Amino acid sequence: MKQSSINKKRIVKSVTKLIADKDAVRSYMKGKATLKSLTDKGIKFAKPL
Amino acid sequence: MPSLYNYAYDNISKTYNFTTRFGIIYRIAFIVDETFSSISGKNISNIFQIVIDKATDEKEPLDNLVFATIVEIVYKFFSSKRNSLIFFCSDSDGKGQLRFNVFDRWYKKSKYNNIIKKKDSVISISSTKSEIVTIHTSFLYHKDNKDKELLIGIYESIEKVLNQDK
């Protein structure tokens, strides 16, 4: 398999997860999902301030 | 009249919250993001995805204090020069462009845009339903971030690779 094909697969997978994570967090913010369900998906909240 | 709303981090919800004078609750979450590490194969830390939303779907009147408060939170985030933000708006619900435009307008109006720099890109990927989804993205970084060239390179590679077959 060509390197560019591998890179594209990796990027698509990463971006797809990014979008799915955001959708999950937005659901959580509206009370439609639990914090545990996000944690189970590997979503990590930060407190950078 | 205050120039921005009081906000606080809630240890239970893990979000920064504030309530507007119209009773609308806003929540802001910073999510640890591993996209840059995954794409580059390098250990890239201090990248976060920001998610901003109201706790309810009710509409509210135009409120400039919301803008001011969110900008202040983002500015505080960049008190660490190593921090960077990615902002993604999926068009899956038809509102991605709208949300992106609002975010872009906030950035351009912000007094901090000489310190916090922004790159934008539009990418398309196949969704799980085999539809093509357009995604508007922004990458924000501190102008003095010592790794900015590396980070910008990784960010730009996303658009380059995903759009190369068009």
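Visitor: Where is Lys14(B) found in chain B?

Guide: Lys14(B) sits in the loop between strand 1 (8–10) and strand 2 (15–19) of chain B; strands are DSSP runs of E with at least two residues, helices are runs of H or I with at least four, and both are numbered from the N terminus. This is a predicted model, where local features need pLDDT of at least 70, side-chain atom pairs count only at pLDDT 80 or more, and totals for chains, interfaces and linings use all residues. Residues are numbered from 1 along each chain as its sequence is written, while chains are lettered from A and ligands numbered from 1 in the order in which they are written.

Visitor: Why is Lys14(B) called buried?

Guide: A residue is buried if 20 or more other C-beta atoms, placed from the backbone, lie within 10 Å of its own, exposed if 12 or fewer, and partly exposed in between. Lys14(B) has 21 within 10 Å, so it is buried.

Visitor: And why does Asn46(B) count as partly exposed?

Guide: Asn46(B) has 19 C-beta neighbours inside 10 Å, so it counts as partly exposed. Asn46(B) belongs to the loop between helix 1 (35–40) and strand 4 (47–54) of chain B.

Visitor: What is the phi of each of these residues?

Guide: Phi is near 65° for Lys14(B), a positive value in a residue other than glycine. Asn46(B), not a glycine either, has a positive phi of about 65°. Most residues other than glycine have a negative phi.
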